[in-house]
Amino acid sequence: MDMLSIKNLHANVEGKEILKGINLEIKAGEVHAIMGPNGSGKSTLASVLAGREEYEVTAGEVIFTDKELLEMSPEDRAREGLFLAFQYPVEIPGVSTTNFIRAAVNEKRKYHDLEPLDSVAFLKIMKEKMKLVEIDQSLLSRSINEGFSGGEKKRNEIFQMAMLEPKMAILDETDSGLDIDALRIVAKGINKLRSPDRAVLVITHYQRLLDYIQPDYVHVLYNGQIVKSGTRELALELEEKGYDFITDEVDSTANNL
Amino acid sequence: MIDLTYFKAQFEQLQMEDPDANFTALRQENFDKFNIAGLPNYRTEEWKYTGISNIFNQIYLPGGHTLTTADVDPFRIPGHHKANELVFVNGRFDAKLSNILSDETEMVVLSLKDAANGKYGPLISKHLNSSNVLIKDGIHALNGAFITEGAFIYIPKSKVPEHPLYIYHLLDSRAQPTMAQPRSLIYLAENSSLQLTETYHTLGTADSFCNAVVEVVVEQNAFLEYYKIQNDRANANQVNTTHISQIGKSYVHTVAVTLNGGTVRNNLNLILDAEGNETHLYGLYLLKGKTHADNHTLIDNRQPNCYSNQLYKGIADDFSTAVFNGRIMVQPDAQKTNSFQSNRNILLSDNATINTKPQLEIFADDVKCSHGCTVGQLDEEALFYLRARGIPKEQAQVLLLQAYAADVLAEIKSLAVRAYVEKLVYEHLSIL
Ligand SMILES: Nc1ncnc2c1ncn2[C@@H]1O[C@H](COP(=O)(O)OP(=O)(O)OP(=O)(O)O)[C@@H](O)[C@H]1O
Ligand SMILES: [Mg+2]
């Protein structure tokens, strides 16, 4: 079954074209990785998929579980089962993390005509997921990400993912800035989510996360387009040779045109 | 349309019907002032951004005076069983509807008139009308011209009443537009303390106008905690003046919350008249519809070593208008004054307006004063983060606005009053 199907996606930010025709098919059960140099458009792609309004889609379509993703509000995308772990999670003083996650979980349940979880049921699930991602209670009783270290913010993203159990998770450099233990935990969170009816897209610069999660496919995003796709051996090749061997080829083809 | 003639007729009738010598001269003095100043308009100093002339485009009949306890019930603050409740109906202190639990050794509650004719007479003649020192406009004088059945509250020396005081101002506009001019004088003797909350509500759908004045005197080592909660109908207008004289080294902590209403003008004036006074003023206004809320604060530092801190925060949505004017005066004797002021605003709609103005008048050289005002928008990044987790836009906005309001609400030290206000705020924001 197709989980996410992106066809010829173009998007602008502040009048400048950043995504220049992205094509990507992700099937249920698969794990894909997107790699690519800084500024190539990886986070832009993630933001467009999550529904950020500053990004203007100028062409293309995205089908998410049979629905037109681009026509949905960000909250509906989330409630349909799309999850984005942000590269830079925002701090929100004054809003308690626990209350926020509870609201998010219950909004999703409401959307799917399920009764909201009461405190007891919610706490039980929370305890279980806290254990999974080894996150401390004291962190969750604080305001969202306020004063969290870089690694704690990332862990909080994974915790939210575990709580919301999305169909399709997009992780934007969730592995960056993590120590070895945290990396292992993030990988565990992702692997736990892995199932025949879910899919994962990880955006990363490093092989080390891919060692843990073993993606089915690896893509290289460069200058707003996916310029190469392959299996996980491609990631190893990139690790060894850098991006130049791909980007040079792309640039010279472009120059020869 | 009502004008001077209309008020003159009412005034003369009052002077005739109520010839209490304690008040006739005072009323006359105020009426003369009103007669000269007239009602404020946009040309009046301090009234540039707040127009009240429209309020006087119609006749207000003196409202009836017969409410039952059941009429009061919907407006009681939860936890009122453990509070002293004082009720004003159409501007008049209603002793029958009031419910004072505290023993009079802890808290004295009398009508102004009874108090003036008894042992508190000298205190009243000394302090009633002291607000006129700082405020000279016609609408303030109008209240003074009609002083009749106000309330007098006295906390005796070294007393800390076990129960707080809630004052409910009810205006009955069920039969016709109603105007009320409540007046109170509150006195905290040495070493005493008072926790006071005031609310304002209109019963009925016709317009109402409340022109309220409270004067408070705070003696040495006394502690005043004062919460003013304004959440009335969209056609309920209000000019609300609080004058606090800290005549001994004392501590004053106020929080003013304005939610629904028509035109609401608050004057909060303090005279720091003893060395070492400490004053904390907080305000929160969450405006929508066509509500116009104007907070004027004035701190007159007259003695050395006083500390004051002000934080007023607000939101303006729809067609609402928020005005903040924070005036700090530091008199020549008030060396080593520390006075800080901050006004923060969030504009939620292109049609809403915010006017904010600090006004520092410093005549002493060794002082620390600072002020800052900001007008911003809701944090879009934060809003998107919440929405990206499935929280609908409106609810995400409520969460962020609640968070924004939280630090001011946290300044309501009374748990019962804070819970009451937090609920009002949540309901108010949920339909923003
Ligand atoms: N809001 C914005 N305003 C202006 N330019 C933007 C905005 N967002 C992205 N861009 C630009 O779009 C380009 C792609 O940015 P993007 O964040 O998608 O890169 P990335 O591939 O995620 O890079 P990195 O690996 O550094 O995270 C960059 O040149 C960036 O400056
Ligand atoms: Mg990025």
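Which polar side-chain atom lies 3.1 Å from a nitrogen atom of ligand 1? In this predicted model, the atom belongs to the side chain of Tyr55(A). A backbone N or O atom of Gly39(A) lies 2.8 Å from an oxygen atom of ligand 1, and a side-chain N or O atom of Glu173(A) is found 3.2 Å from an oxygen atom of ligand 1. On its own, ligand 1 has 640 Å² of accessible area, of which the protein covers 68%.

Two elements of chain A, β2 (16-27) and α1, each give two or more residues to the shell around ligand 1. The greatest contribution, three residues, comes from α1(A). There are 16 residues around the ligand, and those that come nearest are Gly39(A), Lys42(A), Ser43(A), Thr44(A) and His205(A). By class, the shell comprises eight polar, four nonpolar and four charged residues.

The magnesium ion (ligand 2) is coordinated by OG of Ser43(A) and OE1 of Gln87(A), at 1.9 to 2.1 Å. This pair links distant parts of the chain, since the two residues are 44 residues apart. Ser43(A) belongs to helix α1 (residues 42-50), whereas Gln87(A) is located in the loop between β6 (82-85) and β7 (92-96).

Conventions
Residues are numbered from 1 along each chain as its sequence is written. Chains are lettered from A and ligands numbered from 1 in the order in which they are written. This is a predicted model: local features need pLDDT of at least 70, side-chain atom pairs count only at pLDDT 80 or more; totals for chains, interfaces and linings use all residues. Side-chain values use heavy atoms; hydrogens and water are left out. Donors are N, O and S atoms within 2.8 Å of the metal (3.2 Å for Na, K and Ca); water is not among the atoms, so sites may look incomplete. Helices (H or I, at least four residues) and strands (E, at least two) are DSSP runs, numbered from the N terminus. A residue is near a molecule or strand if one of its heavy atoms lies within 4 Å of it. A polar contact is a pair of N or O atoms within 3.5 Å; within protein, one must be able to donate a hydrogen and the other to accept it, and residues adjacent in sequence count only if both atoms are side-chain atoms. Accessible areas come from the Shrake-Rupley method with a 1.4 Å probe; for residues, only the protein chains shown count as cover. Ala, Val, Leu, Ile, Met, Phe, Trp, Tyr, Cys and Pro count as nonpolar, Asp, Glu, Lys and Arg as charged, and the others, Gly among them, as polar.
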